[in-house]
Amino acid sequence: MTDIHAPAQERPPRPSVRSANLPPVIVRQPPPLSVRLSQLLWALSFAAGGIGVVYHFVIRQDQLPLIAEAIRVVDGTREDATYTSAADIVYWSTFATMVTLLIVQITLLVSFMSRREGTRWWQLATLIVQGLLYAVALELVGGGDAGVLLRQVLTAQTGLVLLALVMSTFPAAIAWTARQHDVRRGTVASSAPDL
């Protein structure tokens, strides 16, 4: 018969329920400086583009006769109404192109900040299109005294886009984009990785 009051045997230690191999947790880390600078340059280019669009609309009445005259130089055998219509078409085509490029570039910046693959190539494509179209369009709509400021604003916008693209190709920015997600080991509640 065993004595109930006898000292109990030592129990073995319980195994730990904590694993050294912690689960990966997606965290939100700030992007590197080159990405932030690229983002700032893009924002400045959007501001310049917005100013250019508004200014282009404001000087419309001054520019339409100059556009009509530039078209008349190409072929002066048409009626005056034809040149007025052609000037309207050229003006609104340029205006629509400026607005469309601005919207596309804003969308691509959101994609870049979300680390979507191939976004830089699309941004480069918009820069090439922007440079070509602005070079051609400003020959028609950038005349006169009012057109000088329009040329300067749109040139500044294109330059800012180029600088933003260059900043986004720095090694830290490329590594940040290639990672796509910032992951650490630990639990969701912990602020630093548990080792």
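**Reading the terms**

Student: Why is Phe 46 called buried?

Tutor: Phe 46 has a relative accessibility of 14%. Buried means under 20% relative accessible area, exposed means over 50%, and partly exposed lies in between (1.4 Å probe, protein chains only). The value of 14% is under 20%, so Phe 46 counts as buried.

Student: What kind of model is this, and how are its residues numbered?

Tutor: This is a predicted model, numbered from 1 along each chain as its sequence is written, in which local features need pLDDT of at least 70 and side-chain atom pairs count only at pLDDT 80 or more, while totals for chains, interfaces and linings use all residues. Side-chain values use heavy atoms, with hydrogens and water left out.

Student: What makes up the protein chain, in helices and strands?

Tutor: The protein chain has six helices and two strands, in the order β-α-α-α-α-α-α-β along the sequence. Both are DSSP runs numbered from the N terminus: helices are H or I with at least four residues, strands are E with at least two. Of the 195 residues, 34% count as buried.

Student: Where do Trp 42 and Phe 46 lie?

Tutor: Both are in helix H1, four residues apart, about one turn of the helix. Trp 42 has a relative accessible area of 0%, so it is buried.

Student: Why is the pair of Trp 92 and Phe 95 called edge-to-face?

Tutor: The planes of Trp 92 and Phe 95 are 80 degrees apart, and the centres are 5.5 Å apart. Trp 92 and Phe 95 are three residues apart in helix H3, about one helical turn. Trp 92, at 36%, is partly exposed, whereas Phe 95, at 17%, is buried. Phe 57, Tyr 91, Trp 92 and Phe 95 form one aromatic cluster.

Student: How do you know that Glu 69 and Arg 72 form a salt bridge?

Tutor: Their side chains meet at 3.6 Å, N to O. A salt bridge is a side-chain nitrogen of Lys or Arg within 4 Å of a carboxyl oxygen of Asp or Glu. The distance of 3.6 Å is within 4 Å, so the pair qualifies. The count by this rule is one salt bridge. Glu 69 and Arg 72 are three residues apart in helix H2 (residues 60–74), about one helical turn. Glu 69, at 43% relative accessible area, is partly exposed, and Arg 72, at 26%, is also partly exposed.

Student: What makes Gln 157 a buried residue?

Tutor: Gln 157 has a relative accessible area of 1%, which is under 20%, so it is buried. It lies in helix H5 (residues 144–167). Leaving aside residues up to four places away in sequence, Gln 157 touches several residues, among them Ser 45, Leu 102 and Tyr 134. Contact means heavy atoms within 4.5 Å.

Student: Which residues of helix H6 are buried, and how do you know that they share a side?

Tutor: In H6 (residues 171–179), Ala 173, Trp 176 and Thr 177 are buried. They cover an arc of only 95 degrees around the axis, which puts them on the same side of H6. The arc is that of the directions from the helix axis to the C-beta atoms. On the other side of H6, Pro 171 and Ala 178 are exposed. The cover over the buried residues of H6 includes helices H1, H3, H4 and H5.

Technical notes. Rings of Phe, Tyr and Trp (its six-membered ring) pair if their centres lie within 6.5 Å; planes under 30 degrees apart count as stacked, over 60 as edge-to-face and the rest as tilted.
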